[in-house]
Amino acid sequence: MKPSHLIAGLLLALTLPALAQEDAAARRLALNHCGACHSFGEGEAARQGPNLHGITQRPAGSAEGFAYSEGFRKALAGRKWDAALLDLWLADPQAVAPGTVMLYRQDDADKRAQLVRFVESLQ
Ligand code: HEC
């Protein structure tokens, strides 16, 4: 084996557990901050908020059978969730959709970035 391959292999071996740890931390954060109101698994029932599985693959406000607030529907109907919109949403849902009933705000940009990555991974 070429030394460069060995080094690449070593780096990968060192990086993968770190990434897995980061994923686990993001999942914990999401469970603590969103889990009371949202389910994450495919086909899981809605809670106070809609199920978030595949959220970036479908238009906003399209979880089947969920009764979104009027404010949410007015502001977000037909829009797509992406990292930028999710970040704005978590920072201040009322600023994105005045009248929304999601009562949550996250001022810490690092935590929002972790939460957005986690939500995007739900596919
Ligand atoms: C106190 C309950 C509550 C908490 C906590 C909460 N949400 Fe929500 N969320 C809601 C409700 C209710 C809605 C629907 C809003 C409406 O209809 O106005 C919603 C809507 C959403 C939507 C839009 C879903 C769609 O189908 O378009 C996303 C995305 C979302 N929440 C993400 C999150 C994330 C990520 C967290 C955690 C960081 C979180 N929420 C925390 C209650 C909550």
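**View 1. Cysteine 34 in helix α1 of a predicted model.** Cysteine 34 is buried, because 21 other C-beta atoms lie within 10 Å and a count of 20 or more is the cut-off for a buried residue. This cysteine belongs to helix α1, and Cys34 is also listed among the closest residues to the ligand.

**View 2. The residues around the ligand.** The ligand is surrounded by 27 residues, of which Cys34, Cys37, Gly49, Ser69 and Phe72 are the closest. Four helices, α1, α2, α3 and α5, each supply at least two residues of this shell. When the shell around the ligand is sorted by class, 19 of its residues are nonpolar and 8 are polar, while no charged residues are found there.

**View 3. The largest nonpolar core.** This core has 18 residues, and those with the most contacts inside it are Leu86, Leu115 and Val119. At least two residues of the core come from each of the helices α1 (3–34), α2 (70–76), α3 (83–91) and α5 (109–120), and the largest share, 4 residues, is supplied by α5. Leucine 86 touches Trp81, Val116 and Val119, when residues up to four places away in sequence are not counted. As a general background to this view, nonpolar side chains tend to be buried together in soluble globular proteins.

**View 4. The crossing of α1 and α5.** The axes of these two helices, α1 and α5, come within 9 Å and cross at roughly 95 degrees. Because angles of 65 to 115 degrees count as roughly perpendicular, α1 and α5 are described as roughly perpendicular to each other. On the α1 side the residues that meet the other helix are Ala26, Arg27, Leu29, Ala30 and His33, and on the α5 side they are Lys111, Gln114, Leu115, Arg117 and Phe118. By class, this contact of α1 with α5 has 5 nonpolar, 2 polar and 3 charged residues.

**View 5. Glycine 54 in the loop between α1 and α2.** Glycine 54 is exposed, because 12 other C-beta atoms lie within 10 Å and a residue with 12 or fewer counts as exposed. Even so, glycine 54 touches Leu122 and Gln123, again not counting residues up to four places away in sequence. Glycine 54 and histidine 38 are 16 residues apart along the chain, and their C-alpha atoms are separated by 13 Å.

**View 6. Alanine 45 and glutamate 64, two exposed residues of the loop between α1 and α2.** Alanine 45 has 8 other C-beta atoms within 10 Å and is therefore exposed. The C-alpha atoms of alanine 45 and phenylalanine 66 are separated by 9.7 Å, with the two residues 21 residues apart along the chain. Glutamate 64, which lies in the loop between α1 and α2, is likewise exposed, with 8 other C-beta atoms within 10 Å. Between the C-alpha atoms of glutamate 64 and alanine 77 the separation is 14 Å, and these residues are 13 residues apart along the chain.

Technical notes:
Residues numbered from 1 in each chain as written. Predicted model: local features only at pLDDT ≥ 70, side-chain atom pairs only at ≥ 80, totals over all residues. Core = buried A, V, L, I, M, F, W, Y, C linked by C-beta atoms within 7 Å. Contact = placed C-beta atoms within 7 Å. Near = placed C-beta within 6 Å. Nonpolar A, V, L, I, M, F, W, Y, C, P; charged D, E, K, R; others polar. Axes fitted to C-alpha atoms, helices over the stretch in contact; angles between N-to-C directions. Parallel < 35°, antiparallel > 145°, perpendicular 65-115°, else oblique.
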